[in-house]
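Please open the model in your viewer and keep the selection tool at hand. The tour moves from one selection to the next and says what is found at each stop.

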Amino acid sequence: MFPCYSGIEAIFFHTMKFLIILVVIGLLGPTPFTFGTDRSEDRPTILKFVTMKPDQAKAWEEAIGRFERAYPSIQIEREIAPASSTAYHDLLTQKLKNRDPSMDLFLMDVIWPAEFAAAGWALPIDKQFPPSEQAKFLPGPIQAGIYQGHIYGMPSRIDSGMLYYRIDLLEKYGFTPPQTWGELVVQAKTIVEGEKDSQPGLRGYSGQFKQYEGLVCNMLEFVGSHNGTLTSEDGNRSTLASPQSIQAVTFVREQMINQLATPAVLTYQEPESLAVFVQGKAVFHRNWPYAWGIVDDPRYSKVVGNVGVGPLPHFSKGRKVSALGGWLYGISTFSPHPEEAWKFIQFMTSADIQKYFAVKGSLAPSRIALYRDREVLETNPQYESFLPVFQTATPRPRTPAYPIISNILQRYFSRVLAFPDTDILKEAQIADQQINRYLALVHPNPS
Amino acid sequence: MTRIKSDEPTGWFMIFPALAFVGTLILYPAVNSFTLSLHRIYMGLPALGEPFVGIDNYLHLLQDPVARQAFGVTFGFVILSTILEIILGLGIALVIHEHFKGRGWVRAAVLVPWAIPTVVASQMWRFIFNDQYGLANLVLFGDQVSLYVPWLAYPGYAFLAIVFADVWKTASFAGLLILAGLQVIPEDCYDAARIDGANAWQRFWHVTLPLLKPALLTALLFRTIDAFRVFDLVFVMTQGGPGDATQVIQFYGYKTLFTEGQVGYGTSISMAVFATIFILSLFYIRTVGSSLLKRETI
């Protein structure tokens with residue numbers, strides 16, 4: 001015999017032995033458990049909730065715990081996705097494309113329901129969530145959940161862009177919170193100039209201008225408050241090359257990026273831009289409502305007590321515009337437990353739980369009535385000024401092709417802001433063309 | 001005859017595990033990907049169906065200005081980072097080839113960057129290039145905070161930052177490959193050169209370098225292919241920004257395929273990357289192979 005033959009034989013037997021052990025483990029392993037719990041009525045239904053890494057982990061745990069105590073026959077198993085909305089979207093769409101029946105529930109960013117509905121991934125909830133119930137919620141997130149006359153999502157929290165400002169600095173120079181972008185520029189320049197010697201690192205403005213989804217929100221606010229839009233009223237055409245839109249983008253490039261905010265904001269998402277503000281290094285700051293919880297917490301913030309918050313300014317010829325953000329609960333089409341999933345959603349969006357999230361976690365509720373609730377307003381006095389902004393928040397384009405369109409928008413805005421020599425009009429026309437190509441794919445149009 | 005007959009089934013039986021492995025894990029996905037790249041598929045728009053479009057996706061790829069730019073950025077990255085890594089790697093190899101006290105420690109230390117997972121290293125470099133608390137600014141400007149530069153905000157600097165991070169991370173790997181080449185150069189060659197009166201520089205230029213050519217080419221091959229696949233550095237440090245200045249082709253493919261859900265087009269980008277790397281490898285293997293042959297005839 002060849003010596004190598006016995007070697008192969010040995011490897012073969014070892015492999016077989018290993019396989020046999022595996023099979024035996026596989027057969028024996030689960031049996032003790034299945035024996036013990038084979039009383040199907042008593043076994044709780046396990047709902048798998050794929051969620052994003054939460055801002056307020058403790059509050060979520062407590063809320064889910066309350067649900068499980070109220071419905072002992074249902075257990076929630078959470079799969080935690082990354083904190084980035086885009087990464088969470090990638091994970092969900094992978095599971096949904098593979099018709100993964102193990103996922104029952106998820107959250108949808110306000111920009112997703114059109115896509116999830118068109119693709120047949122989210123279950124319509126018209127019956128459980130009729131217009132009479134919808135009327136109790138803020139209009140923006142409800143609209144975000146509707147696609148072609150059916151509703152697919154139930155609003156959890158609402159977000160919209162807010163202006164945070166340093167009351168102490170504004171008062172020192174005799175200013176009141178700016179109503180227009182022009183006023184904001186003058187105030188910021190005066191304050192930065194005046195504080196040059198005592199605070200050399202002070203900047204006028206900090207926001208989110210990195211090439212990512214948040215850039216679209218920030219730019220939507222500038223463009224919209226100059227009476228511009230990203231897409232036409234009917235959603236059929238991209239309108240980036242309109243004069244209002246071009247002028248707003250030019251303003252951002254010249255006044256914000258290259259002066260007040262410094263190009264550093266081209267690398268900022270929410271946490272980085274907020275860090276600058278809570279370190280006391282910016283006069284004005286644009287962020288979502290959650291930032292209040294951090295700005296007002298002495299563990300993270302050096303400016304506690306010196307900060308005010310209110311609606312974003314507008315251009316003198318425009319109106320106030322704030323980008324709509326927020327999350328909706330959705331049920332997977334492939335879930336074997338849609339009824340139990342609905343119970344969970346109903347519980348989590350109830351007034352009680354939303355109130356709990358508002359009081360404990362500064363997450364703005366989507367139910368209108370809570371903005372008159374004494375306990376909510378006591379812990380969140382800023383909500384008084386938030387409500388009118390929430391009621392008029394502007395959505396991003398609502399179309400199933402949004403992920404593609406968002407990438408084109410991000411590319412366009414990031415290019416013209418980061419390369420100071422680019423011709424904004426020309427870039428806008430190119431982006432319009434590209435976006436129109438994809439909008440044309442979607443027929444009939446969402447309304 | 002009978003011998004062959006009886007051996008053949010056994011042979012097939014023997015290689016069956018390997019064939020099954022290659023077939024299911026390499027061949028099937030590759031063929032499947034290629035088929036996908038011939039269809040137009042939008043994940044979020046199933047109403048459009050999944051029509052067969054032939055080579056349309058590839059034709060679109062040729063005309064796509066974003067893809068062209070991404071290829072440009074990738075080639076720039078590959079050329080710059082590979083050249084720097086080979087030069088630095090050569091330096092590292094020459095140093096750790098010498099005999100000195102604590103050489104073992106130095107050799108181990110040199111490999112530390114290479115052993116760190118790229119995602120972790122990328123996060124570290126993102127912090128280093130931060131405009132507020134980044135080490136790069138502290139080292140360059142000390143406490144003159146007003147001079148601090150947001151490195152990743154400027155297209156040119158952001159690109160260089162990514163090259164820098166890659167060179168830091170993989171120069172030692174190139175060094176390791178080159179060190180292996182150094183160790184097979186016989187001492188006699190140097191002795192002969194010394195007797196002929198060659199100084200250190202001449203010994204390096206006329207003895208070390210020519211004999212090191214195969215090792216250098218191998219290092220070049222590995223580094224080029226690896227650099228072409230760059231993804232994680234960009235994903236963590238810049239997300240392709242600002243203004244696509246650091247968007248490499250792999251990241252563009254990822255965004256098209258996974259974020260935008262353009263399965264057909266995204267796959268055709270991956271296939272194009274695959275083809276490019278394949279051609280590059282063929283080219284290198286020919287060059288490296290021929291140089292090895294030449295060496296044997298000397």
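A salt bridge here is a side-chain nitrogen of Lys or Arg within 4 Å of a carboxyl oxygen of Asp or Glu. By that criterion, the count between chain A and chain B of this predicted model is three salt bridges. To see a salt bridge, select D131(B) together with R203(A), whose side chains meet at 2.9 Å, N to O.

Now pick out Q211(A), R411(A) and L441(A), which supply 17% of the area that chain A buries against chain B, more than any other three residues.

For the last stop, stay within chain B and select helix α9 (residues 187–195) and helix α10 (residues 200–228), whose axes come within 10 Å and cross at roughly 160°. Because angles over 145 degrees count as roughly antiparallel, α9(B) is roughly antiparallel to α10(B). The crossing of α9(B) and α10(B) is right-handed. To display the contact itself, show C189(B), Y190(B), A193(B) and R194(B) on the α9(B) side, and R203(B), V207(B), T208(B) and L211(B) on the α10(B) side. Coloured by class, this contact of α9(B) with α10(B) has five nonpolar residues, one polar residue and two charged residues.

Key
Residues are numbered from 1 along each chain as its sequence is written. Chains are lettered from A and ligands numbered from 1 in the order in which they are written. This is a predicted model: local features need pLDDT of at least 70, side-chain atom pairs count only at pLDDT 80 or more; totals for chains, interfaces and linings use all residues. Side-chain values use heavy atoms; hydrogens and water are left out. Axes are lines fitted to C-alpha atoms, for helices over the stretch in contact, and angles run from 0 to 180 degrees between N-to-C directions. Helices (H or I, at least four residues) and strands (E, at least two) are DSSP runs, numbered from the N terminus. Angles under 35 degrees count as roughly parallel, over 145 as roughly antiparallel, 65 to 115 as roughly perpendicular and the rest as oblique. A crossing is left-handed if the near helix is turned anticlockwise from the far one by less than a right angle, and right-handed if clockwise. Contact means heavy atoms within 4.5 Å. Ala, Val, Leu, Ile, Met, Phe, Trp, Tyr, Cys and Pro count as nonpolar, Asp, Glu, Lys and Arg as charged, and the others, Gly among them, as polar. Buried area is the accessible area (1.4 Å probe) that two parts lose on being put together, summed over both.
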